[in-house]
Amino acid sequence: MRNWMGLLLVTLALPAWAQQDDEETPAFDRPGLGFAASTLPRGGVALELGLPDYSRDRDDDGTRSTQYGTDIRLRMGLGANLELQAFGNPWNRLREAPRNAPATTTRGAGDSGLALKYALPTGSDRHALALLASSSFDTGSRAFGEGGTQYELGASYEYTFNDRWTGALYANATRGAGEDAFTWSPSVNVAVTDTVSAFVEAGFTHTNGEPSTAVAGAGLTWMATSRMQLDASFDLGLDRNSPDLQAGLGVSFYFE
């Protein structure tokens with residue numbers, strides 16, 4: 001998994017610097033809890049990287065967990081409002097520090113998967129709606145994999161208020177690998193300048209047999225070039241069952 005992801009990164013990132021034109025770059029799925037309610041045009045390719053993602057939490061027993069991880073998503077436009085995605089989590093580092101006990105560090109890869117995204121026709125420039133069906137496979141190490149195949153179905157709706165403000169509502173259902181969960185998230189995005197945007201979001205997850213969780217956070221995106229986006233974001237836990245902090249830095253490329 002790590003080998004072919006690395007090859008894709010080298011092969012695809014280099015042309016991104018050469019593809020500079022006046023066409024508008026489609027929306028990336030990074031960052032945030034949801035995804036863009038649009039698809040890439042036929043022949044369009046996007047490479048989205050988390051470099052790295054970070055999380056920190058302390059459980060009821062006082063064990064403090066700190067994790068760093070990389071996230072890779074390759075999106076390919078198939079046409080007719082349809083795109084194919086491949087994603088993976090090739091590297092993670094988890095440090096666990098129990099109270100009154102030595103800390104331990106674990107490294108390994110997470111699961112990988114495939115997804116299909118479809119943008120539904122709405123007949124309006126203000127409304128956008130997309131569905132994302134995905135399946136992740138048990139390719140990761142024991143510490144970072146889900147322990148089996150997972151299936152997810154997500155939906156993202158966006159409403160454009162004006163040239164600067166956009167609202168979105170995201171929902172996702174997960175089943176498999178011993179877990180049934182449902183997540184929903186509202187967010188608001190504002191264009192600060194022609195190249196910089198900011199957003200705020202909240203996320204709520206209910207998992208069968210486990211306590212519900214709630215987070216809230218914000219993020220920034222910057223179109224450093226017409227084909228490259230840099231991003232930074234964070235979410236804070238709103239209750240004792242949620243991770244204390246989740247954050248990430250990322251870069252995304254688009255080319256045809």
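This is a predicted model: local features need pLDDT of at least 70, side-chain atom pairs count only at pLDDT 80 or more; totals for chains, interfaces and linings use all residues.
A salt bridge is a side-chain nitrogen of Lys or Arg within 4 Å of a carboxyl oxygen of Asp or Glu.

The structure holds 8 salt bridges. Another of them joins the side chains of Arg240 and Asp60 at 3.1 Å, N to O. Arg240 lies in the loop between E13 and E14 and Asp60 in the loop between E1 and E2, so this pair ties together parts that are 180 residues apart in sequence. Arg240 and Asp60 are both exposed. A salt bridge also forms between Arg75 and Glu83, whose closest N and O atoms are 2.7 Å apart; Arg75 and Glu83 are buried. These two residues belong to a network of salt bridges that also links Asp29, Glu48 and Lys117.

Glu201, in strand E11 (residues 196-207), is buried but has no salt bridge. The nearest side chain of opposite charge is that of Arg30, 10 Å away; a salt bridge requires a separation within 4 Å. A polar atom of the Glu201 side chain does, however, lie 3.0 Å from the backbone nitrogen of Leu33. Beyond its neighbours within four places in sequence, Glu201 is in contact with residues including Gly32, Ser185, Ala216 and Asp235.

The largest nonpolar core consists of 9 residues: Val45, Leu47, Leu49, Ile72, Leu74, Met228, Val251, Phe253 and Phe255. At least two residues of this core come from each of E1, strand E2 (64-79) and strand E14 (245-255). Among the contacts of Val251, leaving aside neighbours within four places in sequence, are Leu47, Leu49 and Met228, together with Asp231. A second, separate core of 8 residues includes Phe35, Phe87, Ala130 and Tyr170.

Aromatic pairs number 4. Phe35 and Tyr170 form one that is edge-to-face, with 5.7 Å between centres and 85° between planes. Phe35 lies in the loop between helix H1 (2-18) and strand E1 (45-58) and Tyr170 in strand E9 (residues 165-176), so the pair ties together parts that are 135 residues apart in sequence. Phe35 and Tyr170 are both buried. The rings of Tyr159 and Phe161 have centres 5.0 Å apart and planes at 80°, so this pair is also edge-to-face. Tyr159 is partly exposed, with a relative accessible area of 25%, and Phe161 is partly exposed at 46%.

Technical notes. Residues are numbered from 1 along each chain as its sequence is written. Side-chain values use heavy atoms; hydrogens and water are left out. Helices (H or I, at least four residues) and strands (E, at least two) are DSSP runs, numbered from the N terminus. Buried means under 20% relative accessible area, exposed over 50%, partly exposed in between (1.4 Å probe, protein chains only). Lys and Arg count as positive and Asp and Glu as negative; His and the chain ends are not counted. A polar contact is a pair of N or O atoms within 3.5 Å; within protein, one must be able to donate a hydrogen and the other to accept it, and residues adjacent in sequence count only if both atoms are side-chain atoms. Contact means heavy atoms within 4.5 Å. Rings of Phe, Tyr and Trp (its six-membered ring) pair if their centres lie within 6.5 Å; planes under 30 degrees apart count as stacked, over 60 as edge-to-face and the rest as tilted. A nonpolar core is a set of buried Ala, Val, Leu, Ile, Met, Phe, Trp, Tyr and Cys residues joined through side-chain atoms within 4.5 Å.
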